[in-house]
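Take a moment to look it over before reading on.

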Amino acid sequence: MKLRISYNIAKTHLLTKKKQTLVAMLGVTFGIAMFIVMISFMQGVNQFLEDSALDASPHVRIYKQLTSDRPSLIETLNPDGFNIIHHQKPKNEPARIKNGLIIARHIEQQPEVLGVSPQVSTQVFFNTGAVPIPGTLAGVDVAREEKLYRLSQRMKSGSIEALRSNANGVILGRLLARKLNLKAGDKVNVTSSTGGTALLRVVGVFSFGIQTVDDARGYVNTAKVQELIQKDANYITDLHIKMKDPLRAIDFGKELARQYDYKVEDWATANQAILAGEQIRGVMTFVISFTLLVVAGFGIYNIMNMNVMNKIKDIAILKATGFDGKDVVAIFMIQSVIIGLLGALLGVLIGFSLSYLLSITPFASGDFLAIDTFPVMFNPLHYALGVIFGVITTLLAGYFPSRKAARIDPVEILRG
Amino acid sequence: MENSDLTKSAEERATILKASHVNKFFLEPVKFQVLKDISFEVKKGEFLSIVGKSGCGKSTLLYILSTMDTSYDGTLEMNGRKLTGRSQNELAAFRNEHLGFVFQFHFLLPEFTALQNVMLPGLKLGKYSAKQVEERAYEKLRMVDMEEHALKPSMKLSGGQQQRVAIARALINDPTIVMGDEPTGNLDKANSDMVFDIFREISHNNGQTIITVTHDPDFAAGGDRIIEMSDGYIISHGHESKIQ
Ligand SMILES: Nc1ncnc2c1ncn2[C@@H]1O[C@H](COP(=O)(O)OP(=O)(O)OP(=O)(O)O)[C@@H](O)[C@H]1O
Ligand SMILES: [Mg+2]
């Protein structure tokens, strides 16, 4: 009942000052709309980059690291001595994972693992014409690779079945194929770093939409690479693992690192640049949105202050006829909330429309990314956040003028 | 109903309002004593007028009596209960229920209709439903002959019309005391007489107390008693025997 009177008074005040109300509202609307566009776009970019990185790379990768970062012989024999070793060189050892296939089978049995793909990869030169072009050949089990990366959906031409059925087949990355001027059906000669050569037939072209992959990688059958570098059929250099839940990868990777004496790398470590970019965009979104809301808040604060000054006589009369401080606060807080709520709702609407327009705006990214419109994320949470921010801002901005109104001494005003 | 009480002489009737040794200073622009040791009593159902030269402190006294001004020395009692020293919120609730006030400058909420202005204190009190408050508001507006303007925004009313709406508003909660600071200041003779009749009627028949500041000698003379002020002092408490 009491709030109802305050509400009716607030409503009358707002309706008799429509222009002022609208200006205050539009301040909030603008702030919220920009907030929503910003956050939707930034999150869209984050999601897109994360997705494409996650899509094309293993959640966990196990490989043998060839570094000089190993204890030297003298240090093992004479650990307490004063040993100085200059310019230690990598040991000549194969990059193989011992029992790679067995380990793969073992990991595959874990319930949280989606799939494991054992690979042999090697650096090669593609020889077409006079210039050898460098690249990587990944020897894979086609069925397992398909399970991890949905290769078949990334084929631009040809098919993965053709690779499976052709021992000499190769599927090339889109940019690599273009560089080599090769199409499905063409033949290409490759030379490995160890000197082996092979004549391969291009059976397809794929695109992950990631430049570094599309520009350098070719897929062949495991046996072909093993043959090229003259190794046996158990020779495995990499284990790619996909989890059912990508977020579990980090813990799972740590577990694997404890079990096996190989380098274990999770996607977060491998994609630190992307995650750092995400953090920067997150901070930027926050700072800009916060600034917009503060500006909108000051706008409301000013307008509410003016409102209180204009209504100072009304306040005195209300207090004289028995309305108390709480009623007066309610009258002005209700006005702020109405301005905030309507402004925020309108802002959400406009924010959504702008986000939608952005999401259908063509965006030419060249070969760098597989994308044709701006990535925008539509998340109800952002919209809810927008409304909550809007209302909180107006509540704060309305509180101080309302309190001032409640403290007005009616006698001073009524004395005339 | 209370007729037996009303026919008693003023001495026998209950004291409704009592001011004891009220002193009031203004500190700005220079320290200045507006009210000097004001003590007086008002009886239930009494129609009291306060007169005096302009600037002698009548309005200032009325604001203190109305509980809006709380910065004074001395004490104020209503119905034997002390009002001095109570919190602002308590006093607001008290004003709402027990006091009706007509200001020297007829103050209404300009964006609200005459009817809404009259209804607001009634809605705030919450004793009656909104529907009943509206009926009562129409009734009060009829008393001051403003019923036909009930739905006009108050800023579109003439000065005298606004003052009459303000009187209707002061009466809406059937207050124990109605205070007026020159409530007929803007009214012609006919309307002034009408307001006088209303005050006369509610003081005699409902036992409501009237305290008005007025410059109109006829208006003052028609009441029960006249208090005369000069320079912050009460110089005459009037003749209480005037009550019929
Ligand atoms: N806020 C104030 N600050 C300082 N002095 C004031 C203030 N309000 C009133 N006064 C002074 O106090 C004295 C009494 O003022 P008050 O308004 O009570 O007079 P009044 O008797 O009602 O006069 P009138 O008949 O003209 O309305 C005057 O001298 C006035 O100048
Ligand atoms: Mg005065």
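Predicted model: local features only at pLDDT ≥ 70, side-chain atom pairs only at ≥ 80, totals over all residues.

Residues are numbered from 1 along each chain as its sequence is written, chains are lettered from A and ligands numbered from 1 in the order in which they are written, and side-chain values use heavy atoms, with hydrogens and water left out.

**Where chain A meets chain B**

- On chain A, 30 residues are in contact with 22 residues of chain B (contact means heavy atoms within 4.5 Å).
- About 2,300 Å² is buried between the two chains, 68% of it on carbon and sulfur atoms (buried area is the accessible area, with a 1.4 Å probe, that two parts lose on being put together, summed over both).
- In chain A, the residues that lose the most area to chain B are A:Ile317, A:Leu414 and A:Arg415, together 24% of what that side buries.
- Two salt bridges are counted between chain A and chain B (a side-chain nitrogen of Lys or Arg within 4 Å of a carboxyl oxygen of Asp or Glu).
- B:Lys124 forms a salt bridge with A:Asp327, and their closest N and O atoms are 2.6 Å apart.

**The largest pocket**

- The largest pocket has a volume of about 1,000 Å³ (on a 1 Å grid over the protein atoms alone, a pocket is an open set of points with protein on both sides within 12 Å along at least five of seven lines; a volume is the space filled by probe spheres set on the points, which are joined across faces, edges and corners).
- Of its 41 lining residues (those with an atom within 4 Å of a point), the closest to the centre are A:Arg61, A:Ser121, A:Thr136, A:Arg217 and A:His240.

**The cavities**

- Rolling a probe the size of a water molecule over the atoms shows where empty space is left.
- The whole structure holds four cavities of 30 Å³ or more (a cavity is a set of grid points where a 1.4 Å probe fits but cannot get out).
- The largest cavity has a volume of about 100 Å³.
- It is lined by 14 residues, and the closest to its centre are B:Leu99, B:Gly100, B:Pro121, B:Arg169 and B:Ala170.
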